[in-house]
Amino acid sequence: MNKIYDESFYNSSVKERYLKGQIESTQVSYGRVLKRASSIEGKLGRDLYDFNLNEIKQVLLLLKSTKMTTITATGIIIQNYIRWAIEQDLRVDNINPLDAVSSDEFYKQFLDTSEPVLFHYDNIMTWVKNCINYQDKLAILGIFEGVYGRQYSELLTLKMKRVRQITSDPISYEVDLINETSEGTKESRVIPISNELYNIMRIANSEEFNYKNNGLEFEGMRNNKNYLTKTDYIVRGAADARTGVEGNVPAASALINRRIKKISELYQVPTLTPTNIRNSGMLYMAYELYKENGNFAKEEYYAICERYNVGRTRDGGYVYARLKKDFLNMENLELVYGLE
């Protein structure tokens, strides 16, 4: 965990007075940002409300964020705090440095691009191919193709009986997915899956054990594999795992995090996370739609949101502005896939 999250407020009496007038959820998000700034405030010996633009930049650089929405939201919080301080006659002048910047152009410079967070289809398939365990292959490719759900519930509740062949020439498949909502209810949907994913699901379903460390053996290792639980779910954990479950029930969501984490360590790709794998899948779908339609607009965004079950509104539409700003845009299509 980044140590800046554990900092206390600098000039705490002022910060607490400011936050006191906010609703609880705002207090949490604003308080987090103000605590992040404390290390810079302490170094400079003055409150954030008296920072100039270059000093504010130092705070934004602390984020190390890969998302534009996170960076701009932090900027807005700092801007609002300085506005309040001006109203309270706390700032040495009445100029808010952030009032004069163009948001997207200004904030773009703080994006952390030191590690890739969007992966080309070829990279994903190489990692999938190099996994010995089909359970591991499934974790990567399933998420890439849109099998996700709240706490990975769509992935964890996969069953072969829910897979259907829908055409024979060429052969194609679809799968019924079950998502467990935050309200405790279950919702179902159907998505197409690739032939590669179908075959991985089929073989993973019959796996009886997982090789540890992708088959790499180390001196002193007592055994190199874990036997899997016996259920009719495709995704299964080790039978002797402390986090294991008894009976014919889905595995715990932590299983997916552990497997993806282990794969990222083996391939030395620290940014290979479930979220980044899913985002990469969404970008690949955008690339395929762009090749097919020659366009990347509302219709394409709606198709991607439907496939990956994100951004749905009560009236059946989709909100995709945040996705577009963060990663799902032409700029990243050109960056990852080199559009001509």
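Trainee: Which residues in α8 meet α10?
Mentor: On the α8 side they are Y134, Q135, K137, L138, L141 and G142, and on the α10 side E196, L197, I200, M201, I203 and A204, where contact means heavy atoms within 4.5 Å. Helices (H or I, at least four residues) and strands (E, at least two) are DSSP runs, numbered from the N terminus.

Trainee: What's the make-up of that contact by class, then?
Mentor: The residues where α8 touches α10 comprise eight nonpolar, two polar and two charged, if Ala, Val, Leu, Ile, Met, Phe, Trp, Tyr, Cys and Pro are taken as nonpolar, Asp, Glu, Lys and Arg as charged, and the others, Gly among them, as polar.

Trainee: And what should I keep in mind about the model itself?
Mentor: The model is predicted, so that local features need pLDDT of at least 70 and side-chain atom pairs count only at pLDDT 80 or more, while totals for chains, interfaces and linings use all residues. Residues are numbered from 1 along each chain as its sequence is written, and side-chain values use heavy atoms, with hydrogens and water left out.

Trainee: Okay, at what angle do α8 and α10 pack?
Mentor: Helix α8, residues 134–144, packs with α10 at about 145°, and their axes are 9 Å apart; axes are lines fitted to C-alpha atoms, for helices over the stretch in contact, and angles run from 0 to 180 degrees between N-to-C directions.

Trainee: What does α10 touch in the sheet?
Mentor: Helix α10, residues 195–206, packs on the sheet through contacts with β1, β2 and β3, and its direction makes about 65° with that of β2.

Trainee: What is the strand order of that sheet?
Mentor: It is an open sheet of three strands, ordered β1-β2-β3 with antiparallel pairing, two strands being paired if DSSP finds at least two bridges between them. The edge strands, β1 (163–168) and β3 (186–193), each pair on one side only, and neighbouring strands are turned by 25° against each other on average, direction ignored.

Trainee: How many bridges join β1 to β2?
Mentor: Five bridges join β1 to β2, residues 171–180, and within this part of the sheet S168 stands opposite I171 in β2.

Trainee: And how many join β2 to β3?
Mentor: Eight bridges link β2 with β3, again running antiparallel, and L177 has R189 in β3 as its bridge partner.

Trainee: What sits between those two strands, β2 and β3?
Mentor: They form a hairpin with five residues between them, and in the turn G184 has a positive phi of about 90°.
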